[in-house]
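Hi everyone, thanks for coming.

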Amino acid sequence: MSRPDQSMSLLTDVQGNALEPEYLISGTRQHVSPLIFGATLTVLAALIAIAVLTTTRSSQEVDSERRDLLERISQTSGRVEAQEAEAADLEAEIRELGAAQVNDPSLTAARNALDPVVGTIPVTGPGIVVEVSDAADSSGSEGVVYDTDLSRLVNGLRHAGAEAVAINGRRITALTPIRTAGSAITVDYVSLSPPYRVKAIGDPATMPARFARTRAAAWWKYISDNFGIGFSIREANDDLTLPADPGMQLRAAQK
């Protein structure tokens, strides 16, 4: 028997077949084979294991390279210190031989007076210690101590009456360069790391107050207040001993 609405076949088709056959097929639940599912899990587990092993191996290689680099740095630093000590002994021997050749007592006295000033011999005496460091939350170029900052500090200490100055154990003389090399500050071509400890021999009772009146003190107050750069100054607990500048030597003399 024909449907009553057979004469309206178009409307009947639209109503009875609202979805395309492809949609009807895709809407049915697909059953995954347990074998395929298990194989997929096995592949995923293998990939995860490979990734973990690769990461662990890379971390171990990095740690090994880091330890090797630190060991080489330590060995090189030890050789440099030994060579510097040997150079200092040779410099002392040269000074003794040179002094033996000078028969004029006045020249000997003048040279003995100049040696501590120019940095050819170690010096010991009371003084102050200034410690500066990068800001704790420094980012980019802000909050970082620059070579020019240390140069200002040294000049300010000189104006305050410092007779001898050293930064992290490196003696500062009129010929000592303070420069930036990459991300490090070098003093006499030796790279230093913060914090920077500046020792100055002089009268500890007057130097802090005299330094506070210098332009260097005003500059350091500005960068400390605005960029969080660390700055502290105190009197040394004991006498300071500053080494000689290994690059300083007598080049010329006249009678």
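What follows is a short tour of a few strands and the loops that link them. Please keep in mind that this is a predicted model.

Let's begin with β5, residues 178-181, which runs antiparallel to β6 and is joined to β6 by four bridges. If you look across that pair, R179 sits opposite T186 of β6. The hairpin these two strands make has two residues between them, and there G182 has a positive phi near 70°.

Now to β6 itself, residues 184-187. Which residues are buried on each of its faces? On one side we have A184 and T186, on the other I185 and V187, and all of them are buried, so both faces of β6 are covered.

On we go to β7, which pairs with β6 over three bridges, again in the antiparallel sense. T186 turns up here too: its bridge partner in β7 is S191.

Are they buried or exposed? D188 counts as buried because its relative accessibility is 18%, and the cut-off is under 20%. Y189, at 68%, is exposed, since exposed means over 50%.

One last stop: the loop between β7 (190-192) and β8 (196-201), where we find P195. The peptide bond from P194 to P195 is cis, with omega near 0°.

That's my tour, and I'm happy to take questions.

Key:
Residues numbered from 1 in each chain as written. Predicted model: local features only at pLDDT ≥ 70, side-chain atom pairs only at ≥ 80, totals over all residues. Heavy atoms only, no water. Buried < 20%, exposed > 50% of the residue type's maximum accessible area, 1.4 Å probe, protein only. Pairing = 2+ DSSP bridges.
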